[in-house]
Amino acid sequence: MKTKREESENAADGEEAAKRQKLIDQSSTQLAFENSLLPLASYDDDDEEEEDDRREKGGDGLANNGRKAEQNMSAYDEEDEEDDEESELGQGNRSRAIEVRRDCPYLDTVNRQVLDFDFEKFCSVSLSNLNVYACLVCGKYFQGRGQKSHAYTHSLEADHHVYINLRTEKVYCLPDGYEIIDPSLDDIRHVLNPRFARGQVGQIDQNRQWSRALDGSDYLPGMVGLNNIKETDFVNVTIQSLMRVTPLRNFFLIPENYAHCKSQLVLRFGELARKIWHARNFKGQVSPHEFLQAVMKASKKRFRIGAQSDPVEFMSWLLNTLHGDLKSSIKGRSIIHQCFQGELEVVKQIHGDNGDGMETSRMPFLMLGLDLPPPPLFKDIMEKNIIPQVPLFNILKKFDGETVTEVVRPRIARMRYRVTRLPKYLILHMRRFTKNNFFVEKNPTLVNFPVKNLELKDYIPLPAPAENRRLRSKYDLIANIVHDGKPGEGSYRVFVQRKSEELWYELQDLHVSETLPQMVALSETYMQIYEQQQ
């Protein structure tokens, strides 16, 4: 049912209906070519724009009107939000600013239980991502808030009146159109766009306090489950592991650190990091849906929802892509290289027709691949397969500068590797899967490794430190990714350490549970991240 106010406005508009219709027809025609999803309606943020256009058309002449119409069209590309800001700040040729009220009678209809901002910000009717509002009563997304918009229509049909702009975080009451200023809505803004002060970021690892979700369940910020959308556990374990890398996490918790970057992958990764570590979430888990969409686009569907992939391949691709998007022009450095980049000396001995040749080169690395010994072919007296075990130090000998590794691609050669620079965070992956012409085979060998105090200098030669500096060669485990099941199938889970209490947690998609440090080493480890002791 329409209010008296609306009826009086409609009567006033009747006198100038012909001029207004002409402007709307013009807008609709141009938008139909610009965006096939918006052929029927004009989604201006408010109807004041059209009134201003009409007034200027009558008073300032055709030139001013042409300039205003051009601004009106460009507003769609900028999600119409500049007009909102100009209205409130009193800028521009506005004859009527947006009304601001603190006493909205509909605030008690807001239902936080249905709000979920983890999914893509698309209008549920037009499927457009321009100028999208969330209904705070039912949680659905709608475009615009003018009288011809889907949000306005929804407010009349469903009697839902409170909407938040997903980009500017401003809250409006529809169909009345006024902006709501109320501190009780701040918790919704924090869930929509989690934010951290630099002082908070430095204290995260000292926080031992649990948070409570709306359903009454408790969760630990940073130890929240990630939704497995469809065979995306390889992404979840990679994200959970990288969230333990303190400098990387702290960098992405402050959006100003990468405000210059336009990469959707960088922006979505930062947004996901802030949601994982946010202490005021409405629920105790996060859905990485928007991040996965950015991954699919950036990788050209090499990694996609619904297809199981290798976390080692994904980790390598993700780190290199993030570095490429973030690196500065000065020396091409980024937070990725600051954390993970080390250096190898590679000695290659090639057998050729003209005799043996020797090549020595330096090669940067982000992770080191370790070769497992072949499993035994025989069974024990109980007719059970013997599960071999190997110490981590044995397979680290590959990088002692003396052990020879045979390679056949791109040509047969004998390789020797030696670490010449250690990274702050060392990523190791065990080559557990081997492919032949017929199938993929998994090596079940268990690797025995220390959870704390991995001393590398005792097992591989390391370069002498610079003058007045001590050699930092001792590492602690912070993340351990495990594969369960058959090759090509199975699932991934990860053990991670919570630094504030030095407790270990097992995370598998939405499942989060505390575990003992002794349990971390009793599984088929696939990839590990070690932190250098300072």
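**View 1. Arg249 over the face of Trp277.** In this predicted model, Arg249 lies over the Trp277 face, with 4.6 Å to the ring centre.

**View 2. Arg145 and the ring of Tyr172.** Here the charged end of Arg145 sits over the Tyr172 ring, at 3.7 Å from its centre. Tyr172 also belongs to the contacts of His161, which takes us to the next view.

View 3. Look for His161 in the loop that runs between helix H6 (150–158) and strand E4 (162–165). His161 counts as buried because its relative accessible area is 7%, under the 20% limit. Its side chain makes a polar contact of 2.6 Å with the side chain of Asp159. A polar atom of the His161 side chain also lies 2.8 Å from the backbone oxygen of Leu174. Cys173 is twelve residues away along the chain, yet the C-alpha atoms of His161 and Cys173 are separated by 5.2 Å. Beyond neighbours within four places in sequence, the contacts of His161 include Tyr106, Val137, Ser155 and Pro175.

**View 4. The aromatic pair of Phe303 and Trp317.** The whole structure holds 16 aromatic pairs. One of them joins Phe303 and Trp317 in a tilted arrangement, with 5.6 Å from centre to centre and 55° between the planes. Phe303 comes from the loop between helix H12 (289–298) and helix H13 (311–326), while Trp317 is in helix H13, so the pair links distant parts of the chain, 14 residues apart. Both partners are buried: Phe303 has a relative accessible area of 2%, and Trp317 has one of 13%.

**View 5. An aromatic cluster.** Five residues meet here: Phe251, Phe252, Tyr258, Phe269 and Phe291 form one aromatic cluster.

Terms used: Residues numbered from 1 in each chain as written. Predicted model: local features only at pLDDT ≥ 70, side-chain atom pairs only at ≥ 80, totals over all residues. Heavy atoms only, no water. Helix = DSSP H or I, 4+ residues; strand = E, 2+ residues; numbered from the N terminus. Buried < 20%, exposed > 50% of the residue type's maximum accessible area, 1.4 Å probe, protein only. Contact = heavy atoms within 4.5 Å. Polar contact = N/O pair within 3.5 Å; in protein donor to acceptor, adjacent residues only side chain to side chain. Phe/Tyr/Trp six-rings, centres within 6.5 Å; stacked < 30°, edge-to-face > 60°. Lys NZ or Arg CZ within 6 Å of the ring centre and 35° of its normal.
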